[in-house]
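The sequence and the structure come first.

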Amino acid sequence: MVHYTSEMLSQSPWWEKCRPSDIALHADGVSYQAYYSEVGKAHHMGKDLTEVRSPQRKLVPDNVGLDKYEPTSLRGIAIKAKACAKHRFQNLYRYLNARFLMDCWKDLNKNAASGVDKVTAEAYGQDLEANIQNLAKRLKAKRYRAKLVRRCYIPKDNGKERPLGIPALEDRLLQLACAKILSSIFEPDFADTSYGYRLNRSAKEAIEDLKFNLQFGKYGYVVEADIKGFYDNIDHEWLLRMLRQRIDDAAFLNLIRKWLKAGILDTDGKILHPETGTPQGGVVSPVLANIYLHFGLDLWFQRRVKAHCKGDAFILRYADDFICAFRYRDEAERFYQALPDRLSKFNLAVAPEKTKIIRFSRFHPGMQRQIVFLGFETYWMEDSNGVARVEQRTARKKLQGACRRIKEWIRANRHLKGRAFIEALNRRLRGHFNYYNVPGNLSSLGRFYNWAIRCSFKWLNRRGGKRKSFTWKAFSKAIDRLKIAKPEMVIVNRQHRVFA
């Protein structure tokens, strides 16, 4: 037994000797445990600030991990959506606060055209904090109203015009915030064969994975399909019904309904009130289109079509463009016949002139049996050793359209000075080269490059009323000195996705 003397009992405990007794545990006079438990209660639902255990350090954004530029609230939604496939999210509307809108402002395209209110990003950003606070207050008080969508038309390669809808700046900002929330919820649900407008995926990857799977997979037939006027025929009630599968928040869904029902100001001054469709040009439209076709097409193919196929089959979709590959002809024909009925349930229809079955096999090489998808022609062709391989090149119509556009640009901008002209031309050349840079397509890139050089020589010789400014030899030396962009075959090795 240990005996304590009166002197020992009168001394202070050792933990009080290590810390001066006149200093409080916290500036507020409460313990760290009590203080940080209260702070934890205030920040437990996905706030993007992390409390630090030292009072001398400032609060820092919680940007740790793979998604270091993603707010904690979005990351928490994504984790919950992936962990529980049947969970329905509530209280999403409250995430549309001033702080989240300020984060979304950083990702907003500031160079986009203005809407009907003619408010530009530069003008809105002059008093950015007050404007976003005002928008957040209107959202909280349910006084937000969607403005009219300004319609404009852009030319297509076939001579027709494509209608685009340009929302107002505040509508675009709010749509971007909702698009991020929707992507966090539905991204884990999307099929692995869906590539359009998704994080870390691109059309270039879709083309490369298509070639890989057709080369090494067991497929003999391909169904090429095209949906007629997809963005104009999306059924609003079907779309909201699909959103309710994962969202149980009436205020959030009503916000999306406002954008779907927003009036369209046409170029002739008339106001159109759409019953179907979503503006092609709205920030939230791509993710809504993905959700619509995920339920309407992807799930049906995976659970019904592919499940009843005896051979291998896959669907590859980029937004509303998709192709399907099958091993056996009867399965391809059965899908070809069932596709129109399936799409009609969701107010969609296929374009008969662009929908067909193609015999696509290593036993039938040649350019006569080719797939046109995302600007590329994919076909079987024998190499110099007589081995059949899947090859890809720039689609003929896309190459013709690109040559026509670069010619018109050179003609309209031939007044620029030499270095400024070459720098602007290089930006257009590199954009074309970066997308169409796939193995075996160097000849198409060379054709586009040679056409751009010939057009430049022609129109630069005709500026200023002069018939001939310099010879071809002098022009060649000038473009070499100014370092014009040239086509190069850059192959990036990556792991392909296998669809079987």
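This is a predicted model: local features need pLDDT of at least 70, side-chain atom pairs count only at pLDDT 80 or more; totals for chains, interfaces and linings use all residues.

Residues are numbered from 1 along each chain as its sequence is written, and side-chain values use heavy atoms, with hydrogens and water left out.

The second largest pocket holds about 440 Å³ of space. A pocket here is an open set of points, on a 1 Å grid over the protein atoms alone, where a 1.4 Å probe fits, with protein on both sides within 12 Å along at least five of seven lines; lining residues have an atom within 4 Å of a point. Points are joined across faces, edges and corners, and the volume is the space filled by probe spheres set on them.

Of the 20 lining residues, Glu 208, Lys 211, Pro 439, Ile 491 and His 496 are the closest to the centre of this pocket. Helix H9 (203-216) and strand E13 (388-394) each supply at least two lining residues, and H9 gives the most, with six. Helices (H or I, at least four residues) and strands (E, at least two) are DSSP runs numbered from the N terminus.

Asn 200 sits in the loop between helix H8 (169-186) and H9. Its phi is positive, near 60 degrees. Asn 200 is exposed, at 62% relative accessible area, where exposed means over 50% and buried under 20%, with partly exposed in between (1.4 Å probe, protein chains only).

Leu 374, in the loop between strand E11 (370-373) and strand E12 (376-382), has a positive phi near 55 degrees. Leu 374 counts as buried, at 16% relative accessibility.
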